[in-house]
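Hello,

Here is the structure I promised to pass on to you. Have a look at it first, and then read on for my notes.

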Amino acid sequence: MPETLIKSEVDFEANGKHHGFLRLPHSVHRSAYGWIPVPVVVIKNGDGPTALLISGNHGDEYEGQIALTKLCKDLEPDNIRGRLIILTMANYPAAQAGLRTSPIDDGNLNRTFPGDAHGNPTQMIAHYIEEVLMVMCDYMFDFHSGGSSLIYPPTMLRGKGHSPQERAKLRELQQAFDAPYAWVFTSGGGPTTTARTAMGAAGRKGVISMMAELGGGGTVSPAILTMTERGIKRMLHCIGVLPDYQPDAANGTRELQVVGSIYAYESGLFEPFREPGNEIRAGDDVGAIHHPDEPWRPAISVPSCHDGLILCRRFPGRVERGDCLYQIAADTKEDDQ
Ligand SMILES: [Zn+2]
């Protein structure tokens, strides 16, 4: 057992369905011997693959948190073959506060791996996921969204795979999830084994991993939630964990790679001219930044610096210099798929 101060109330090896908390010791003014309760559900039925399902890695991304919470109640051991380990609120303090980062230590869990067994709470969670949970797993699926500051159409994220077999499996999983878009990381096998993300952790432990961006804007849409729940069950069927599930016909996924972002160079109120899914050309005016505090000032135009498809856009109206307004993607080339 790797060194960790976090204690699981759940036996990961027991058959059946078990729930409880990962107890993260947290000694503070109001609670000298207390612990932070990171919820965990384990469903196991005999031999078979193990998949780790994560949401609440960023606490203000709700689609995955709702879909996985429903999945915990939907599935019984008889429905599955192998094992599911489900973390619905992976960075519990952040998710409890509805914030991207933890209010306890400002930690951004998805920039903290491989973590630290003796670090702050976010570092301890990252370390536990990478060193205790990942080593039990064959697959890891991490469900994100645009959170409070961005909005995405449902988009699967994956690397190209470190081997032909992994590449084939990732493409199969992408097809199974059946989101309208897939963002394929084109650098090396991606995600790199030095990445500080959950996918980076998976890569270091030889675990096949996928991530998703599912909506955002600090809310949940019924259509995206339906698509998410369907996609998760289709992926679990694809890896053999949900053998009796009958997937319906796929709608198809457009494979993209991100070519860059468009940033605000002025503070003010952002008026977007375009939406995710729109095609744009370099030089197009894609928005304006207004100054209601000086209404006589001309608006600042926001030109695109890329050709491509808008993958996500900023959600809140107020912007500051350095904020990402749009992320732009282009179709993958044949050898980047
Ligand atoms: Zn996220």
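A quick definition to begin: the radius of gyration is taken over C-alpha atoms, and the globule rule is 2.2 Å times the number of residues to the power 0.38. With 337 residues, a compact globule would come out near 20 Å, and the protein has 21 Å, which agrees. Its C-alpha trace spans about 65 × 55 × 35 Å along the principal axes.

Please keep in mind that this is a predicted model: local features need pLDDT of at least 70, side-chain atom pairs count only at pLDDT 80 or more, and totals for chains, interfaces and linings use all residues. Residues are numbered from 1 along each chain as its sequence is written.

**Overall make-up**

The protein has 6 helices and 18 strands (DSSP runs numbered from the N terminus, H or I of at least four residues for helices and E of at least two for strands). The domain assignment gives domain 1 (7–252) and domain 2 (260–336); such bounds come from an automatic or database assignment. The centres of the two domains, taken over C-alpha atoms, are 30 Å apart.

**Where the domains meet**

Here 15 residues of domain 1 are in contact with 11 residues of domain 2 (contact means C-beta atoms, placed from the backbone, within 7 Å). On the domain 1 side, β7 (150–151) and β9 (181–184) are the elements that give two or more residues, and β9 gives the most, with 3 residues. By class, that side has 7 nonpolar, 7 polar and 1 charged residues. Nonpolar covers Ala, Val, Leu, Ile, Met, Phe, Trp, Tyr, Cys and Pro, charged covers Asp, Glu, Lys and Arg, and the others, Gly among them, are polar.

**Helices that pack on α6**

Helix α1 (residues 62–74) packs against helix α6 (residues 222–238) at an angle of about 50°, with the axes 10 Å apart. Axes are lines fitted to C-alpha atoms, for helices over the stretch in contact, and angles run from 0 to 180 degrees between N-to-C directions. The residues making this contact include I66, A67 and L71 of α1 and I224, L225 and I232 of α6. By class, the α1 contact with α6 has 6 nonpolar, 2 polar and 3 charged residues.

Helix α4 (residues 164–177) also packs with α6, at about 145° and with the axes 7 Å apart. In this contact, E172, L173, A176 and F177 of α4 meet G231, R234, M235 and C238 of α6. These residues divide into 5 nonpolar, 1 polar and 2 charged.

Best wishes

Definitions and conventions: Two residues are in contact if their C-beta atoms, placed from the backbone, lie within 7 Å.
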